[in-house]
Each structure stands twice: as C-alpha cells, then as structure tokens.
Amino acid sequence: RAIRRSITKYWQMNKRRKLNAAATLLFLSVLVSCTQMDYQVGDGLIPGDQQMKVGMDTIYGIDTYLARYDSFPSSGYSYGYVGSAVDRTFGRTSASFSTQYMLYYFTSGDEMFGTAPVYDSLVFTFTLGSGYYGDTTKTQRFNIYELDGDLNVDSTYYTDFDQQSVSSDRLLYSFELTGLPTTELRFRMTGEAADEFARKLMDTSGRAYTGDSAFYARYKGFHIVPDSTSPEDAAVYQFAYSNMEMELYTHNHTDETAQTVKDTVITYYSFSNASSLLFYNASVSTIRHDYEGTRIGPLNDTLPGDEPASVGYIQGLGGVVTYVRFSDEFVEKLLSEIKEPYKSMVINRATLVWEIDEPSPSVYEAAFSRIGAFSNYKTFSPIPDYNYSAETNNDLSLLYDGYLDRTHGDYTIDISSFLQKIVNQAKYGSPKDAPRTMILGPSSGELGSFGEVALKTGASDPPLRVVLTYTLVR
C-alpha cells in the first residue's frame with residue numbers, strides 16, 4: 001500500500017509537469033505568432049512607381065595612371081624647403097628657396113642706429129620645422145645669396161620657379177647643417193661680403209626705412225640653396241619663416257666725433273610671412289623631383305588608350321599623384337544594376353578601397369594620414385564628396401573619410417555623390433558634365449608635407465574596387 005501511494009504521487013507530479021510544459025509551449029507559440037513581422041503587408045498600398053529595392057555589389061574596372069603637375073604653388077607656405085634627398089622608390093628630391101625680410105624691431109628708441117654708428121656683427125638665426133625628408137646624418141653646406149630681382153607678395157609662385165631669375169651671384173655666407181636640431185640655430189655671418197652687406201643695411205639714406213616698397217626696392221631678400229659640393233642623398237629641411245631673423249649689432253656715440261660710446265643697438269629683421277603680424281614678405285620654394293632609375297613612370301600618359309599603372313604613387317610637395325579613370329566597363333556594370341521593373345538608382349554609399357602596396361610600419365610612418373580626391377589638382381578643386389573647405393570652415397566631418405587605416409592597410413573614400421552624377425548623366429543626360437576622372441593626392445592639409453605612399457591599383461591583386469550600396473526605384 002505504501003508503494004502504491006508513492007507511485008500514485010509520482011504520476012500526479014509528472015502529469016502536472018507535462019501540463020505546465022504544454023502550457024508554456026502554447027504561450028510561446030502564441031507570442032511568436034503575435035510578434036512575427038510580415039514585410040509584405042502594405043506593399044499593395046505603395047504606388048507602383050514608388051516601390052524600391054536595396055542592393056549591394058562590388059564593381060571593378062578602374063584604370064589608374066601616374067601624373068605630375070608643375071604648376072604646384074609653393075608661395076605663401078609657412079616653411080622654406082632646402083636640401084637634397086634620395087629615396088629608393090621616389091628618386092631624388094631637391095629644393096631651395098628665396099624670401100624677403102623686413103625691419104622688425106630696434107633697441108635704440110626713435111633714433112634707430114643713432115649718431116656715428118659702427119658695425120659690430122650680423123647674426124642669422126632660424127628654427128627648423130619638425131618635418132624632414134631623407135638622411136639627416138649627412139652634413140650639407142648651404143649658401144646664402146642676395147637677391148637682385150623682385151618678389152611680390154601678391155603673386156603666386158610655383159615649385160618650378162627659376163630661382164636664378166631673382167638671385168644674384170653674390171655669396172654672402174655659407175653654413176653647415178647636420179641632424180635635426182630642435183633649438184634655435186645661430187650663425188654669425190662673417191667675411192668681407194657679409195660685412196659689406198651689413199653696412200648696406202645700416203644705410204638709411206633715400207628713405208629706405210620709411211615704408212615697405214622703399215625697403216624692398218633696396219633690400220630684396222635672400223636665396224638659400226645647397227652648395228654644389230653637398231651630397232645628393234642627404235635631407236630636405238623645413239625652415240620656419242616665422243622663426244627666421246637677422247640680428248644686426250652696432251654701437252653708436254654721443255656725437256659725431258665718435259669719441260664716447262653711447263649705446264649698443266640691436267636691429268632685428270624678420271623673414272616671417274604672417275600677415276596677422278603685419279608682415280607681407282614674399283617667398284617661394286623651388287622643388288624638383290627626379291624619378292630616373294625608379295619604377296615611377298611614364299608620367300602624364302593618362303589617355304584611355306595609355307597603359308594603366310601597376311602601382312599608384314602619391315607624393316607631397318608637387319610630386320607624383322595618381323590619376324583615376326572609371327572605365328566604360330565600370331559604368332556599364334554600374335548601370336546594369338538597374339533592372340526591370342526599376343527605372344532609377346539612388347546610391348546610398350559608394351566606397352573606393354585603396355589598399356597600400358607592401359604595407360609595413362615604415363611605410364605607414366611615411367604615408368599620409370589622409371588622402372584627398374580632386375577634380376582639378378592644379379587648383380586643388382575637390383570632387384563633391386571631398387569638400388574640405390566646408391569641413392574646415394564649419395568644423396564638421398565629411399562622410400568622405402579618406403584616413404589611413406593601419407589595421408586593414410588601406411584608405412577608403414566615399415565617392416557617392418561623384419558616382420551619382422555619372423549614373424544620372426549616363427541614364428538621363430543630366431547633368432551635362434559628369435567627369436569620370438579624378439586625381440588622388442595628399443589631403444588639403446598635407447599638400448606641403450614630405451609624405452609618400454604606394455597604392456594598389458586596378459591592375460593589382462586584389463584590384464582597386466568600389467563597394468556599392470544602392471536603392472532601385474520604379
């Protein structure tokens with residue numbers, strides 16, 4: 001009887017468990033049936049010409065070429081570039097610069113040089129920028145020549161500027177530079193030519209110190225260039241104009257007899273071109289790139305029938321850039337995404353993926369932090385997606401992106417608006433002008449940098465490509 005009671009109790013408990021489990025399953029099935037979404041409900045209420053379809057694809061057929069533009073502006077920069085360097089991939093880069101200077105300050109109150117002034121010394125001071133290109137362990141000798149031609153602050157000068165058109169052959173002083181000093185460098189300009197020049201600075205006749213025009217008419221500026229004996233495979237430096245000065249040390253007397261010394265006078269001359277400080281010194285750097293013996297070439301063969309480049313190159317300071325053409329094959333593939341019954345395409349996102357050729361830590365170190373896409377590189381006119389002026393002036397971030405991704409070893413740029421114009425022009429004939437080319441170069445903030453990078457192209461494996469997300473509309 002005790003055993004029977006136990007079996008009966010177990011059977012009753014097990015029955016309750018089964019009933020509870022069945023109730024739970026019934027509740028879940030009702031819940032699922034109530035929350036399941038039927039995406040087709042309401043489709044019949046959408047007008048036929050407004051029904052849409054989202055799609056994704058990866059499109060190839062992008063040709064790349066190498067180009068270089070001589071009309072790269074180099075005036076108005078914060079730095080003067082000087083030196084010579086050789087890179088295994090990018091060849092030789094050499095540079096020199098010319099700049100004006102202006103009276104900045106003198107310590108003698110209103111009388112400037114004072115009575116019976118006597119020349120003591122002339123010191124040239126400057127600070128290097130943190131950027132450099134090449135091998136700084138090799139010593140270079142730099143020459144300072146006096147200008148005898150005019151520079152104009154209202155003129156635009158380019159990297160192919162002929163420095164000999166404004167420079168004289170009067171060598172004022174030479175100095176040597178090694179390494180990358182971070183403190184101010186000071187060189188006392190000695191020698192007969194420097195002494196003669198210093199006394200010229202002390203000549204206040206002809207109202208030379210009464211205005212900018214009169215001053216520049218007499219004192220035209222300096223040209224700083226590597227000496228011909230300096231090694232080609234050294235470094236290119238940045239001289240910061242804002243920290244370049246001359247200091248002219250003199251002493252004067254109490255009267256014209258020059259018997260009693262009155263004061264020591266220091267007269268400062270600045271090479272700064274900061275208009276905010278009311279300096280309007282003109283300056284220009286000449287920068288030459290020689291790709292002989294490298295893989296870079298041919299340059300500026302960018303017609304559809306020309307051979308596409310197997311590697312794309314981008315270099316700062318007016319160096320090589322990559323010319324991009326979206327081929328007929330690419331456009332045909334893009335338009336083939338529009339299938340019946342759909343009539344038009346809205347591009348949601350189009351990402352152009354640029355993989356770095358042979359990525360490594362040293363390659364990343366030399367690469368640009370961001371690359372820009374331009375419709376006209378001579379004028380730095382961007383494609384619609386890369387409106388860097390709006391980004392800078394309005395403190396906003398563009399969907400364009402373009403930043404170096406060290407994790408994936410690539411740059412990705414959003415060209416949705418650029419491709420949308422191509423689709424609209426090919427499909428509807430509007431707008432009339434929808435270029436299928438762009439130039440890939442340094443970002444607007446790095447045009448004057450020493451950056452360089454090699455990129456995979458449409459001829460690489462994997463090839464250059466656009467990852468596309470779009471919406472088709474009936």
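1. In helix α4, which spans residues 328–335, F330, V331 and L334 are buried, where buried means under 20% relative accessible area, exposed means over 50%, and partly exposed lies in between, for a 1.4 Å probe and protein chains only. They lie on the same side of α4 because they cover an arc of only 95° around the axis, the arc being that of the directions from the helix axis to the C-beta atoms. The face of α4 turned away from this buried side carries the exposed residues D328, E329 and E332. Helices (H or I, at least four residues) and strands (E, at least two) are DSSP runs, numbered from the N terminus.

2. This is a predicted model, in which local features need pLDDT of at least 70 and side-chain atom pairs count only at pLDDT 80 or more, while totals for chains, interfaces and linings use all residues. Residues are numbered from 1 along each chain as its sequence is written, and side-chain values use heavy atoms, with hydrogens and water left out.

3. The buried residues of α4 pack against β1 (52–59), β2 (62–67), β17 (321–326), β18 (344–355), α7 (416–428) and β25 (465–473). A contact means heavy atoms within 4.5 Å, and of the contacts in the protein with a separation of 6 or more, 81% are accounted for by residues 24 or more positions apart.

4. The protein has seven helices and 25 strands, and 47% of its 474 residues count as buried. Its accessible surface comes to about 24300 Å², of which 50% belongs to carbon and sulfur atoms; accessible areas come from the Shrake-Rupley method with a 1.4 Å probe, and for residues only the protein chains shown count as cover.

5. The largest pocket has a volume of about 690 Å³ and is lined by 22 residues, of which F90, S362, V363, A366 and E452 lie nearest its centre. On a 1 Å grid over the protein atoms alone, a pocket is an open set of points with protein on both sides within 12 Å along at least five of seven lines, a cavity is a set where a 1.4 Å probe fits but cannot get out, and lining residues have an atom within 4 Å of a point. Grid points are joined across faces, edges and corners, and a volume is the space filled by probe spheres set on the points.

6. By class, the lining of the largest pocket has nine nonpolar, five polar and eight charged residues, with Ala, Val, Leu, Ile, Met, Phe, Trp, Tyr, Cys and Pro counted as nonpolar, Asp, Glu, Lys and Arg as charged, and the others, Gly among them, as polar. The second largest pocket, with a volume of about 390 Å³, has a lining that divides into six nonpolar, 14 polar and six charged residues.

7. A search of the whole structure finds two cavities of 30 Å³ or more. The largest cavity, of about 50 Å³, is lined by residues including T93, Y133, H289 and L317, and its lining has three nonpolar, six polar and no charged residues. The second largest cavity holds about 40 Å³ of space, and F72, Y77, I287 and L317 are among the residues that line it. By class, the lining of this second largest cavity has seven nonpolar, two polar and no charged residues.
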